[in-house]
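Hello,

Here is the structure I promised to hand over. Please have a look, and then read my notes below.

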Amino acid sequence: MGYSSTHFKSINPYTEETVYEVPMHSSKDIKEIIEKAQEVYTNIWRDTGFEQRAQLLKAVAKEMKDNLDEYALSMTEEMGKPINEARGEVNKAAWAAEHYAQYAEEYLKTEYLESDASESYVQYLPLGATLGILPWNAPFWLAFRYLAPALMSGNTCIMKHDSHTPLCAVKIVEAFQKAGMPKNLVQNVVINHSQIEEIIRHPFITGVSLTGSSKAGSAIGAIAGSEIKPVVLELGGSDPAIVLADTKDLNQAADTIVLSRYINAGQSCIAAKRIIVEEPIYEEFINLLKEKFAKLKLGDPKDESTIIGPIARKELVEEMHAQVDKSLASGARLILGGEKYEGKGFFFPVTVLADVEPGMVVSCQETFGPIAAIIKAKDSEDAIKIANDTDYGLGGSIWTGNTEKGKHLASKIITGQVSVNGIVKSDPRLPSGGVKKSGLGKELGPHGIKMFVNTQQVWVGPAK
């Protein structure tokens with residue numbers, strides 16, 4: 001359990017020992033945290049210039065990069081991310097801070113538009129205190145994806161981090177403190193799900209960002225909507241990776257799809273979850289994937305050579321075994337893995353299933369672990385139909401020897417982002433966000449920073 005009635009407690013998924021424990025906030029504490037966020041917004045942050053905001057974010061990035069292992073280890077210990085991946089994540093979080101430090105002013109520059117006014121323009125103004133509800137699977141990166149644009153646009157931030165990664169949340173706030181932030185600019189609130197509503201409904205809270213499940217998004221979106229407050233929801237995915245028969249380098253396609261599926265032990269919203277392969281190359285590609293997946297080493301996440309660490313929690317392992325067993329019972333073909341892991345830690349074996357049909361559990365539910373579901377498509381048209389046969393629409397990829405064909409097919413896939421001949425990833429320079437049950441709004445890039453601003457139109461007379 002991530003929390004008792006009074007504490008958040010994190011368990012190391014490799015050693016199964018307690019990592020960190022922190023007391024939960026009371027309703028009185030929550031009220032004070034919100035009031036402090038409003039106070040620092042009104043008295044300081046709202047009126048700082050881009051240069052001052054950028055200085056802080058650059059200092060935070062430097063603090064994290066200079067003390068890489070201190071921050072990376074909190075992830076490795078709390079949710080089992082292999083140490084090399086954890087270092088990569090801290091660096092990526094620092095990159096988000098640096099990116100917005102450099103480009104926020106450009107992204108939010110005043111736009112002059114022609115009208116009947118002597119002068120008319122649109123300016124982007126901050127809203128106030130915002131709330132970021134964050135998950136455990138990428139505790140630093142997903143926090144900074146919310147924090148960097150919100151802070152650079154002049155808002156203050158309250159993080160409600162996941163109950164299973166309380167130390168990561170503490171470390172993020174510490175990084176800001178060490179970088180010299182105005183007191184209470186970024187705060188961490190330690191509460192359970194039932195207490196989130198009182199924060200969203202507080203008059204000082206002006207926007208809500210959530211990364212989590214579609215179920216959580218639906219609940220949070222409903223509360224924010226009833227308060228008429230802007231919300232950004234980045235939710236689950238069942239990302240298709242389409243491999244067409246004209247793909248020139250099948251080996252490279254297989255390498256990239258394998259990486260996309262196993263990174264973070266497969267615990268990623270934008271991982272390649274349904275691998276849709278055109279008929280002429282179907283068996284050949286299955287063999288390539290099997291060979292590559294079979295080489296991946298499970299082990300101690302602190303060991304530099306470990307490729308796949310443990311799954312964050314025991315119940316998630318059990319859930320995945322149920323998904324695989326049900327799919328096998330429905331006629332999927334087991335290519336690799338599937339068996340229960342014997343030994344210390346919450347591990348799930350790298351598992352490859354072929355002959356997956358659209359109605360099977362691994363095809364229609366989100367699989368949050370190293371399970372690859374391979375589906376046969378008759379041709380590119382059939383592949384697109386299969387790709388879109390899901391409630392989700394986060395990301396997807398297309399592999400083809402014809403780039404123009406890839407670009408044409410990208411517009412047929414109903415997802416928020418598509419990669420042609422490359423991995424689906426988030427990048428501070430480019431917007432990401434889903435459609436359908438994968439969410440609404442955008443994060444990152446020039447679009448993400450405009451989610452929590454007042455897009456104010458100004459008309460200056462006299463009329464022409």
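Strand 13 and strand 14 (residues 371–377) run parallel and are joined by three bridges; strands here are DSSP runs of E with at least two residues, helices are runs of H or I with at least four, and both are numbered from the N terminus. Two strands count as paired if DSSP finds at least two bridges between them. Across to strand 14, Thr351 stands opposite Ile371. With strand 12 (residues 333–336), strand 13 pairs in the antiparallel sense, again over three bridges, and Leu353 is the bridge partner of Leu334.

Which way do the residues of strand 13 (residues 351–354) point? Thr351 and Leu353 point one way, Val352 and Ala354 the other, and all are buried (under 20% relative accessible area with a 1.4 Å probe, protein chains only; exposed is over 50% and partly exposed lies in between).

A word on the source: this is a predicted model, in which local features need pLDDT of at least 70 and side-chain atom pairs count only at pLDDT 80 or more, while totals for chains, interfaces and linings use all residues. Residues are numbered from 1 along each chain as its sequence is written, and side-chain values use heavy atoms, with hydrogens and water left out.

Six strands make up an open sheet of mixed pairing, in the order 7-6-5-8-9-17. Its edge strands, strand 7 (186–188) and strand 17 (439–440), each pair on one side only. Strand 8 (residues 205–211) and strand 9 (residues 231–234) pair in the parallel sense over four bridges, and Thr211 stands opposite Glu234 in strand 9. Helix 1 (residues 27–43) packs on this sheet and touches strand 5 (129–133), strand 6 (156–160), strand 7 and strand 8, where contact means heavy atoms within 4.5 Å.

**The cores**

A nonpolar core is a set of buried Ala, Val, Leu, Ile, Met, Phe, Trp, Tyr and Cys residues joined through side-chain atoms within 4.5 Å. The largest one has 111 residues, and Met64, Leu147, Phe176, Val186 and Phe285 have the most contacts inside it. Helix 4 (residues 83–107) gives the largest share of this core, eleven residues. At least three core residues come from each of domain 1 (7–235 + 438–461) and domain 2 (239–420), with bounds from an automatic or database domain assignment.

What does Leu147 touch? Leaving aside residues up to four places away in sequence, Leu147 touches Cys157, Met159, Ile172, Phe176 and Val186.

Enjoy exploring!

Note on methods. Axes are lines fitted to C-alpha atoms, for helices over the stretch in contact, and angles run from 0 to 180 degrees between N-to-C directions.
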